[in-house]
Every structure is written in structure tokens, then in C-alpha cells.
Amino acid sequence: MSSNQQRVKLNDGHFIPALGFGTYKPEEVPENKPLEAINLALDAGFCHIDTAYVYQTEKDVGQAIRSKITAGLLKREDIFLTTKLWCTFFRPELVRSNLEKSLKNLQLDYVDLYILHYPVPMKPGEDLFPEDEHGNALLDTVDFCATWEAMEKCKDAGLVKSIGVSNFNSRQLEKILNKPGLKYKPVCNQVECHLYLNQSKLLNYCKSKDIVLVAYCALGSQRPKRWVDPNSPVLLNDPVLCDIAKKHKRSPAQIALRYHLQRGIVVLAQSYKENEIKENLQVFEFELPSEDMKILDGLNKNLRYAPAPFGKGHPEYPFSDEF
Ligand code: NAP
């Protein structure tokens, strides 16, 4: 296993590997696939794994890591592991219990990064997507700043090394940064980011606050039926992207990932196929010249593949603001 990936310094002094492996599993993907893919990713040399309580892949991640540790192929500190606090656990008194459930699933005593998954709180309970009888999401009124304070306590308790957020817009980041008594700034904001939604304004904002932007759906997403419009364009088929890939004798996926690395973004990539997983790790072997970076910048069309419908009526719905 190699860990010779680039790393990016976080504002709390820890480092995050610049390329991570995603483990979100759409409903239509067979149950056995994530474990298989995580094992392939670890064997290929991925040392940064991204999961979340709501993905229900934490047990697979835990099993894969534990078996490599037991076999002497890996040490815990070789892996950078992210998981996320789900929206039904935003009440401060529930935060640590959600984290402890995640740690149990992961068979670990700490995670490297714990992220507030999405800024809209939902009704607490067993149901991960609580709805009323008309199919409307049941939301909650917790202020995410109170949730953040509970996350800070998890860091103080040594259960997480770093804390961050996901799907926050700049106004919401500002709200946390200006919170009276803030103890720890978010180290990152994990957001949808790819050639069709390059997030240049949010990226500039995050850089100005020393918050790392982590890109998800960087390859155009898995196009899960539940979240993505099947008529949306397929990112990796983009003709301009394919031309640049051809010119560099690289794949469109490698160019799509490399583009972010050169912008100072930490990027996640998901795949179930061994050849793709290996190919995605080869993004540190080449560089894109600035003229190609500019052409790729020009592909932006502010197209969001996953505009998460739930929470639309809530004041903290994140995607109505410009950035
Ligand atoms: P993604 O990384 O954008 O794309 C995955 C798709 O790209 C898969 O369909 C895969 O195809 C294809 N692919 C991967 N490598 C390829 C290659 N070398 N050549 C051609 N095709 C390739 O997918 P994602 O799962 O949406 O996003 C990545 C991760 O981000 C997630 O797994 C999750 O960990 C995280 N995420 C976070 C949030 C959040 O709210 N914070 C939301 C979404 C995702 P195959 O089917 O061929 O394997």
C-alpha cells in the first residue's frame, strides 16, 4: 500500500490527503459492492476514505480497514477517515451519540474528520429521511451553531481529530465563523464541485478563510436515480474534456480530478471498478498547463447534479444563495 499522495494542511494543523475514495452507495447498487470497492481502493493505495452515517457503508469501511490492520498491511494512522453527522442528530445532545454509533460501525476509536453533513436539521428519530403523510420532509429548528459546539466537544474528547462542514454556502460558513465563543473553525467545506459547477466563488471565499474545499461528484456523480436528473449531461463525455484528455494521453476522469488538485481542492473519486480505481490514483503523475486549466474553467455552467430536494422550505436550505 502506498501513501505517497499529496496532502493539504488543515487550519487545525492536521493534514488531509488531496485525493479521497468515496463510498456513497445508491439504492440501486448491490449491497456487496461497497466492501469490494473499499478493499480494492485500499489495495491500490487510497489512504483517504470518505463515508457518512447516512450512506450505511460505515460497517463496510470498518471491516475493510480492520481486516487490513489485522493482516499487518495497514496501520490505523496510515488512513485518513471521514464520516458525517446526519441531519436527524443535529440537536446538541444527540451529536456524540451519532458519532459513537459511527465509531462502532467503523470499529475505530476516532475518526480523522467529522463533518456536519448538510445544514438543514431534520426531525430526530430512527428514520433517516423523516416525512409526513404527504411525503414532505419533517424538518427541525435546531441552530447549526449549537450543533457545531457539540462537534467541538467531540474534538476535545479525542473522538475526532478535525471537524468540518458539508454543503454550506458562504453565508452559513460566515455564521459559524462569527459565532460568539467559536473554539474551532471548520477545517473544510465538502461540496458538489466539478467542471460543470466549478464553485470558483465559494472556493475563493473558503481560501480567504483558510477552509479547504473538498469536491464531491467530481466525476459527475454516480447518477443515483433518487437524486440526479437522468437527462442531465454526462460529465465524462464532455467533448472539450475528452479532447484535453486525448492530448495528454490521459482519461477524462484523470483530467477532471487533476483540474481540482491544481486549484488547491481536495477531491473525492468513487468507483467500483479496479481499473478505474487504479487510474484515479495516477493523477499525481502529470500536470495541466495553464491554458488547459483556462479551457476547463470555461466549461462551468453552474449545473448542480444533486440539488438535494429536502429542506427546500427551510431557512437554511443551502443552494438558493449564489455561493
Ligand atoms: P463521483 O466520484 O463523482 O463519480 C463516480 C462515477 O464515476 C461512477 O459512476 C464511476 O463509474 C465513474 N468513474 C470513476 N472513475 C472513473 C474512471 N477512471 N473512468 C470512468 N469513469 C469513472 O461519485 P460520487 O459518489 O457522487 O461522489 C464521490 C463521493 O463524494 C461519494 O461517494 C461520497 O463519498 C461523497 N459525496 C458527498 C456528498 C455530501 O453531501 N457531502 C454528496 C455526494 C457524494 P463506475 O460505475 O464505472 O464505477
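This is a predicted model: local features need pLDDT of at least 70, side-chain atom pairs count only at pLDDT 80 or more; totals for chains, interfaces and linings use all residues.
## Around the ligand

Some atom pairs can be named one by one. The table lists three of them.

| Residue | Protein atom | Ligand atom | Distance |
|---|---|---|---|
| Tyr55 | polar side-chain atom | nitrogen | 3.2 Å |
| Cys217 | backbone N or O | oxygen | 3.4 Å |
| Ala218 | backbone N or O | oxygen | 3.4 Å |

How much of the ligand does the protein bury? Taken alone, the ligand exposes 910 Å². The protein buries 85% of that.

## Two helix pairs

Now for the helices. Two packed helices are described by the angle between their axes and the distance between the axes.

Take α7 and α8 to begin with. Helix α7 covers residues 239-247, and helix α8 covers residues 252-261. They pack at an angle of about 95°. Their axes are 8 Å apart. Angles of 65 to 115 degrees count as roughly perpendicular, so α7 and α8 are roughly perpendicular to each other.

Which residues meet in this pair? From α7 come Leu241, Cys242, Ile244 and Ala245. They meet Pro252, Ile255 and Ala256 in α8. This contact has 7 nonpolar residues, no polar ones and no charged ones.

Next come α2 and α3. Helix α2 runs over residues 58-70 and helix α3 over residues 92-106. Their axes come within 7 Å and cross at roughly 45°. That angle makes α2 oblique to α3.

On the α2 side, the contact is made by Glu58, Lys59, Val61 and Gly62. On the α3 side, Ser102, Asn105 and Leu106 take part. What types of residue make up this contact? They divide into 2 nonpolar, 3 polar and 2 charged.

## In brief

The α7 and α8 contact has no polar and no charged residues. The α2 and α3 contact includes 3 polar and 2 charged residues.

Notes
Residues are numbered from 1 along each chain as its sequence is written. Side-chain values use heavy atoms; hydrogens and water are left out. A polar contact is a pair of N or O atoms within 3.5 Å; within protein, one must be able to donate a hydrogen and the other to accept it, and residues adjacent in sequence count only if both atoms are side-chain atoms. Accessible areas come from the Shrake-Rupley method with a 1.4 Å probe; for residues, only the protein chains shown count as cover. Axes are lines fitted to C-alpha atoms, for helices over the stretch in contact, and angles run from 0 to 180 degrees between N-to-C directions. Helices (H or I, at least four residues) and strands (E, at least two) are DSSP runs, numbered from the N terminus. Angles under 35 degrees count as roughly parallel, over 145 as roughly antiparallel, 65 to 115 as roughly perpendicular and the rest as oblique. Contact means heavy atoms within 4.5 Å. Ala, Val, Leu, Ile, Met, Phe, Trp, Tyr, Cys and Pro count as nonpolar, Asp, Glu, Lys and Arg as charged, and the others, Gly among them, as polar.
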